[in-house]
Every structure is written in C-alpha cells, then in structure tokens.
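Hi there,

Here is the structure I promised to pass on. Have a look at it first, and my notes follow below.

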Amino acid sequence: MSDKPIAEVLNRRRFLGAAGLAGAGAMLPQLAQAEAPKPDPLITEVQDWSRYLGEGVDKRPYGMPSKYEKHIVRRDVSWLTASPESSVNFTPLHEIDGIITPSGLCFERHHGGVAEINPADHRLMINGLVDKPLVFTMDDIKRMPRVNRVYFLECAANSGMEWRGAQLNGCQFTHGMIHNVMYTGVPLKVLLNEAGLKPNVKWLMLEGADAAGMNRSLPIEKALDDVLIAFAMNGEALRPENGYPLRAVIPGWQGNLWVKWLRRIEAGDQPWQTREETSKYTDLMADGRSRKYTFVMDAKSVVTNPSPQAPLKFKGRNVLTGIAWSGRGTVKRVDVSLDGGRNWQTARLDGPVLDKSIVRFYVDFDWNGQELMIQSRAIDETGYVQPSKDELRKVRGVNSIYHNNGIQTWLVRPDGEAENVEIG
C-alpha cells in the first residue's frame with residue numbers, strides 16, 4: 001500500500017480525470033510505477049515452514065530454544081582465572097526479559113568443577129552441637145514440608161573488575177554474575193528442629209560435596225530465618241552446575257554462602273574461619289584493613305538495554321529496560337537518567353515485586369540520534385539509595401573485589417553503539 005495519505009491519492013486521481021487522460025498519457029505509466037507497492041516475498045510467497053510438515057512431538061522430549069536463539073548463552077572471560085574448573089561464566093542479561101532467569105542461562109561459579117552426583121547416593125548429614133546427629137537421603141528431604149520462593153543469587157564478585165575503572169564492555173560481563181529463579185525446597189529450620197540444636201549454637205558450617213569441599217560459616221539467626229535447602233529450581237530439578245541434587249539458598253546474601261551439592265551441616269559455637277571467609281570474600285579497604293562477614297548484597301541495578309551488547313538500532317520510539325535488586329528486602333523505586341545523572345525520571349516497575357528478588361523496570365523514550373549517558377539507581381524499602389562509584393570509592397577505596405554496587409554508566413553514541421564508561 002502507498003505511504004501517501006488516502007485523501008492525497010484520491011485527489012491526484014481526480015485531477016487526472018478532470019484534466020483529461022490524453023494530456024497526461026505520457027505521465028500515467030511513470031506515476032503508476034512510482035506509486036505501485038513493492039511486493040514483499042515474505043508475505044506474497046508461501047514460505048518453507050508453511051509448505052512442509054515440521055517435526056513431530058517425539059523429536060524433542062526435552063524442549064530446547066529455537067536454533068535462531070543459539071547466540072543467547074552464558075559466556076566466560078578466559079583470562080579471569082587460571083582454570084575453567086575454578087571460574088565463572090555470565091548470564092546474558094541483555095538477552096532476557098521479565099524477572100525469572102531460564103535455568104540454562106543461570107551463571108556458574110565453581111571452585112572445583114561441577115560435581116555429578118546420583119541423587120540415590122547423596123546424603124545430607126547434620127552433626128556437631130545437636131541433640132541427635134542425623135543423615136538424610138533425598139527421599140527423606142522430599143517428604144518434608146516444602147515451600148516455593150523466588151530469590152536472586154548474586155556472586156559477591158559481581159562487578160568486581162570495575163573497582164578501578166570501566167573494564168568489561170557489556171552488562172553480561174559487568175553484572176552477569178546474578179540470576180533470579182523460583183526455588184523449591186525445605187526450610188532449613190525444619191531440618192535443624194529434627195536434629196535439635198544445643199543452647200550454645202551460634203554458627204553453622206555448610207559443606208559441599210564438590211572436589212573443592214567448598215564450605216562456609218553461617219550465623220544461626222539467618223539459618224532459622226529464611227534459609228532453604230533446595231532440590232528444584234524453576235519447576236524442575238536443580239541443574240548440575242547449580243548444585244544438583246541439593247543446595248543451600250541464603251536469600252539476599254552473597255552467593256558464596258549458597259553452598260552447592262550440600263552434604264553436611266555442622267552446628268558450632270563460633271565461625272570456622274574457612275578459606276572462603278578469610279583470605280577470600282573479605283573486602284580489603286584503602287587503609288589495609290578488611291571488612292569481614294559482609295554477607296548482605298546491597299541495592300543495585302543495571303540497564304540491560306540499551307547497553308554495549310544491545311545497541312540502539314532504530315530512531316524514534318524505543319524501550320529502555322533493566323533489573324534491580326536488594327538483599328535487604330524489596331526494591332521500591334528505580335530512577336533512570338539519560339544525561340549522566342543530571343536529570344532523573346522514575347522508571348516503571350512491571351511484574352512481581354518480591355522480597356530479595358530481581359525486579360524489572362522500563363522507560364519508554366524517543367531517540368533521534370543524540371548521545372546518551374544512561375544510568376539507573378535503585379532505592380530499596382529501607383530507604384537505601386544505590387551509590388555512585390565515586391561515593392562508594394570514598395568509603396571503600398579501590399583494593400576490593402567484592403560488593404561493588406556502584407551506579408553503572410553506558411555511553412550511547414549517535415550511531416547507537418554503546419560503551420562502558422565512567423563519569424567523574
């Protein structure tokens with residue numbers, strides 16, 4: 001169909017009729033050719049997917065994404081660590097929407113590679129300062145009262161490369177050590193009640209069955225509050241890389257505590273001072289001291305589109321989107337700036353806003369090719385406001401790896417390409 005208004009087309013035709021076709025005869029074929037619509041073969045011709053039968057219901061017993069989505073995968077940065085068995089890959093935040101991370105895209109962080117465990121052979125022991133040491137099979141755990149909860153899991157080292165300045169170009173790499181899923185499991189306090197805690201219990205030690213024997217100390221107050229022992233995520237069994245058949249879920253706290261392949265919980269009266277809470281996962285300050293047991297993940301956000309891996313392609317109407325989260329509760333508001341923090345507008349939160357869960361935000365905007373400096377900042381229910389990177393560095397220095405929740409800036413150039421930058 002012609003792009004011209006219908007009234008203009010009709011007026012032109014009326015003019016030709018009134019003036020006489022004889023005088024306009026030489027022009028008519030040219031005008032008709034100029035106004036003729038260009039057929040789109042994707043509309044006018046039958047495509048192969050409509051011409052032939054597709055696969056039957058027995059071809060893919062476990063569903064897989066379309067082959068046209070094969071680029072949407074977790075990615076690693078090979079030079080970050082000496083070995084892939086003790087490394088991390090990153091969730092493609094710029095390629096997903098909503099608040100639930102697909103199980104196959106949840107980032108991985110391992111200390112000794114993925115443990116492949118037959119659930120029939122897996123056991124969970126509770127020992128130490130308890131009235132009755134116990135060993136549970138997976139069948140035992142699945143017969144206990146269970147709950148379903150949506151929580152984010154963020155590695156304490158998420159954004160850790162950015163402490164001294166902009167480094168990695170893409171929100172998958174700057175912020176992709178996070179995912180948000182629905183866990184199904186048994187409250188830890190149910191299991192502890194079965195064993196019976198001694199009055200002097202102050203800490204638990206959680207231990208994994210992987211080659212690293214990953215273990216961490218957990219305060220008993222948190223254990224009795226909202227910790228889950230999970231066997232499922234997003235409606236199916238945990239994936240091997242996410243702790244199958246059993247893992248700890250420590251809502252709002254750093255991911256290193258969420259011990260995977262969980263095999264033992266020991267009750268004690270003091271922390272165990274493990275490697276992962278002394279030489280690692282402590283926050284080195286500018287004066288040489290370290291912050292220790294910084295469990296909670298503070299409010300944080302990032303714009304996922306547009307971003308370096310998701311440039312702007314079209315002028316005119318566009319949608320900005322991103323995610324925000326807080327380990328202290330719910331996110332109450334997200335502000336977005338398109339000019340590097342000079343002016344802010346409140347984004348629209350859409351979808352469920354849950355405790356210690358990712359929330360999705362949107363801003364609809366028009367873009368005419370102007371340069372943009374995009375930022376977002378989260379405000380949680382406690383009133384905490386996500387700080388700028390400069391504000392964070394004034395308190396913490398630049399020697400840390402962990403707990404970097406500073407405001408991220410994307411520079412969008414007139415050609416739509418975006419870059420990780422910082423504003424002084």
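This is a predicted model: local features need pLDDT of at least 70, side-chain atom pairs count only at pLDDT 80 or more; totals for chains, interfaces and linings use all residues.

**What I found**

Residues are numbered from 1 along each chain as its sequence is written, and side-chain values use heavy atoms, with hydrogens and water left out.

**Overall form**

The protein has 10 helices and 23 strands; these are DSSP runs numbered from the N terminus, with helices being H or I of at least four residues and strands E of at least two. Its radius of gyration is 28 Å, whereas a compact globule of 424 residues would be near 22 Å (taken over C-alpha atoms; the globule rule is 2.2 Å times the number of residues to the power 0.38). Along the principal axes, the C-alpha atoms fill a box of roughly 105 × 60 × 40 Å. The accessible surface comes to about 21,300 Å², and carbon and sulfur atoms hold 52% of it (Shrake-Rupley method with a 1.4 Å probe; for residues, only the protein chains shown count as cover). Among the contacts with a separation of 6 or more, 71% are between residues 24 or more positions apart; contact means heavy atoms within 4.5 Å.

**Aromatic rings**

There are 7 aromatic pairs, by a rule that takes rings of Phe, Tyr and Trp (its six-membered ring) with centres within 6.5 Å, calling planes under 30 degrees apart stacked, over 60 edge-to-face and the rest tilted. For Phe152 and Trp325 the ring centres are 6.5 Å apart and the planes stand at 55°, so this pair is tilted. Phe152 belongs to strand β5 (residues 147-154) and Trp325 to strand β16 (residues 316-325), so the pair ties together parts that are 173 residues apart in sequence. Phe152 counts as buried because its relative accessibility is 0%, and Trp325 counts as buried at 0% too.

Elsewhere, Trp203, Trp253, Tyr293 and Phe295 form one aromatic cluster. Arg377 lies over the face of Trp344, at 4.1 Å from the ring centre (the rule asks for NZ of Lys or CZ of Arg within 6 Å of the ring centre and within 35 degrees of the ring normal).

**A residue in β5**

Glu154 is also found in strand β5, and at 1% relative accessibility it counts as buried. Leaving out residues up to four places away in sequence, Glu154 touches Met177, Ile178, Gln254, Gly255, Met297, Lys300 and Trp325. From Leu134, Glu154 is 20 residues away in sequence and 31 Å away in space, C-alpha to C-alpha.

**Two helices**

In helix α10 (residues 389-396), the buried residues are Lys389, Leu392, Arg393 and Arg396. Seen down the axis of α10, they fall within an arc of 95°, so they line one face of the helix (the arc is that of the directions from the helix axis to the C-beta atoms). The buried residues of α10 pack against β13 (283-284) and β14 (290-291), while Lys394 and Val395 are exposed on the other side. Gly397 follows α10 and has a positive phi, near 75°.

In helix α8 (residues 188-195), Leu188, Leu191, Leu192 and Ala195 are the buried residues. Down the axis of α8 these fall within an arc of 100°, so they line one face of the helix. Gly196 comes after α8, with a positive phi near 80°.

Best wishes

Technical notes:
Buried means under 20% relative accessible area, exposed over 50%, partly exposed in between (1.4 Å probe, protein chains only).
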